[in-house]
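Dear colleague,

I am passing on the structure we discussed, and I would be glad if you could look through it before reading my notes. What I found follows directly below it.

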Amino acid sequence: MRYYSTGGKAPLTGLREAVVRGLAEDRGLYMPERIPRLPDAFFETIGTLSFPDIACRVADAFFAEDIPAGDLHGIVRETLSFDCPLREVEPGIFALELFHGPTLAFKDVGARFMARMLRHFTRGTGDIRVLVATSGDTGSAVANGFLGVEGIRVFVLYPKGKVSPIQESQFTTLGQNITALEIDGCFDDCQALVKAAFADAELRAAQRLTSANSINVARFLPQAFYYFHAYAQLQRKGLADKVVCCVPSGNFGNLCAALFGKRMGLPIHRFIAANNANRVFYDFLQDGEYRPRASVQTLANAMDVGDPSNFARIWDLYGHDLRALRADVSGATYTDGQIAETIRDCYARTGYVLDPHGACGYRALKEGLRPGETGFFCETAHPAKFKDSVERILGAPVAVPERLAAFMQGTRRAVPLGKDYESFRQYLLSV
Ligand SMILES: *Cc1c(COP(=O)(O)O)cnc(C)c1O
């Protein structure tokens with residue numbers, strides 16, 4: 001399979017280069033040249049298959065030409081060391097729980113898959129270094145995804161004092177091949193340091209650097225796996241007739257993967273993109289004008305994105321045709337007040353504890369579902385990851401799963417650095 005750039009000015013490239021480069025040289029995002037369609041027979045019996053078996057079929061469609069089946073299926077099975085179960089919240093509305101992985105958020109799937117694919121492509125060619133700037137959640141998913149993966153060393157740059165203690169513990173306590181760098185600055189400073197390193201030809205000649213951000217094809221495509229698995233679970237319940245899928249969205253990688261699933265033949269009827277107050281995509285669906293803007297802080301902070309990077313992929317997938325996009329996807333947007341109200345209301349009526357991101361998804365589904373439809377929304381993180389806000393909203397304690405508590409008890413280690421590029425560069429050259 002070859003990959004093109006949404007920028008339209010980079011040459012077609014193979015999977016290996018697309019994964020190692022991350023971003024195309026024209027700064028566009030890589031897209032597979034074709035989207036393979038799976039046979040109808042697969043969907044007729046999908047309810048009888050296990051999650052890893054389903055995921056292997058989906059992975060084969062994209063990657064089998066480039067990775068031997070044994071290796072590819074090994075990567076898939078190692079990635080899915082946990083389940084993504086569908087839980088009924090109330091009649092007709094299900095939560096696809098994507099928080100059963102190591103860092104309790106859906107990014108574990110993409111990060112684990114990407115780490116293993118990168119290892120596959122760089123094995124035996126010397127060490128490779130992954131630089132990742134994080135405002136909190138990406139760093140923990142990437143660090144845990146790469147933890148213990150041979151031949152790869154990860155540097156997580158995070159802004160001093162600006163990530164929550166839970167988030168910080170998830171990438172500063174790991175050790176092994178993971179190093180946390182505490183930058184005396186804000187998230188933008190961290191990102192600027194990573195960008196400067198990638199633009200530094202001399203440094204790149206000395207070290208093999210790669211990024212692990214969410215635009216990498218090896219991170220976003222595997223997110224399609226769990227949409228097929230959700231559909232299979234609904235089919236088993238006899239509820240697969242008119243399925244609506246609702247995705248709480250920030251950078252839109254997760255929704256984009258779902259839309260790829262539909263293109264592969266997955267019979268999902270329609271999609272809802274749920275936003276917090278950062279409503280660039282919602283507004284775009286209304287009038288077709290894309291107006292990126294500065295993000296605003298909300299309770300669902302992993303969706304505080306003012307210029308979603310995967311918008312380019314979705315727009316490309318629909319051939320820049322607003323009507324076609326609207327036929328598949330509608331939008332919703334909620335304020336912090338509405339998010340809090342939804343968490344309280346859902347808990348009071350059903351006993352289900354939503355996290356602030358899932359709350360946007362649940363509400364959009366509840367408001368948007370039509371008679372005869374069955375809906376599921378992605379519960380993208382465990383509510384305990386946002387313990388302080390959820391407890392404040394509910395006025396009740398939120399139980400912390402054991403694997404999260406274990407992070408909190410670990411010893412935190414980070415290398416303190418200034419925000420100037422020269423210190424960062426010297427540091428990288430010294431280790
Ligand atoms: C990253 C994230 C999102 C947004 O996902 P995108 O793919 O960026 O749209 C939603 N919820 C949680 C908990 C996240 O970590």
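Before the helices are described, one convention is needed: axes are lines fitted to C-alpha atoms, for helices over the stretch in contact, and angles run from 0 to 180 degrees between N-to-C directions. Please also keep in mind that this is a predicted model.

With that convention, helix H6 (residues 137–146) packs with helix H7 (residues 165–172) at an angle of about 25°, and their axes are 8 Å apart. Because angles under 35 degrees count as roughly parallel, H6 is roughly parallel to H7, and the crossing in which H6 passes H7 is left-handed.

A second pair is formed by helix H3 (residues 51–63) and helix H11 (residues 225–236), whose axes come within 9 Å and cross at roughly 130°. That angle makes H3 oblique to H11, and the crossing of these two helices is right-handed.

Turning to the ligand, 15 residues surround it, and the closest are Lys107, Gly250, Asn251, Phe252 and Thr380. By class, this shell around the ligand holds 6 nonpolar, 7 polar and 2 charged residues.

An N or O atom in the side chain of lysine 107 lies 2.5 Å from an oxygen atom of the ligand, while a polar backbone atom of phenylalanine 252 is 2.8 Å from an oxygen atom of the ligand. A nitrogen atom of the ligand, in turn, is 2.8 Å from a polar side-chain atom of threonine 380. Taken alone, the ligand exposes 390 Å², of which the protein buries 96%.

Key: Residues are numbered from 1 along each chain as its sequence is written. This is a predicted model: local features need pLDDT of at least 70, side-chain atom pairs count only at pLDDT 80 or more; totals for chains, interfaces and linings use all residues. Side-chain values use heavy atoms; hydrogens and water are left out. A residue is near a molecule or strand if one of its heavy atoms lies within 4 Å of it. A polar contact is a pair of N or O atoms within 3.5 Å; within protein, one must be able to donate a hydrogen and the other to accept it, and residues adjacent in sequence count only if both atoms are side-chain atoms. Accessible areas come from the Shrake-Rupley method with a 1.4 Å probe; for residues, only the protein chains shown count as cover. Ala, Val, Leu, Ile, Met, Phe, Trp, Tyr, Cys and Pro count as nonpolar, Asp, Glu, Lys and Arg as charged, and the others, Gly among them, as polar. Helices (H or I, at least four residues) and strands (E, at least two) are DSSP runs, numbered from the N terminus. Angles under 35 degrees count as roughly parallel, over 145 as roughly antiparallel, 65 to 115 as roughly perpendicular and the rest as oblique. A crossing is left-handed if the near helix is turned anticlockwise from the far one by less than a right angle, and right-handed if clockwise.
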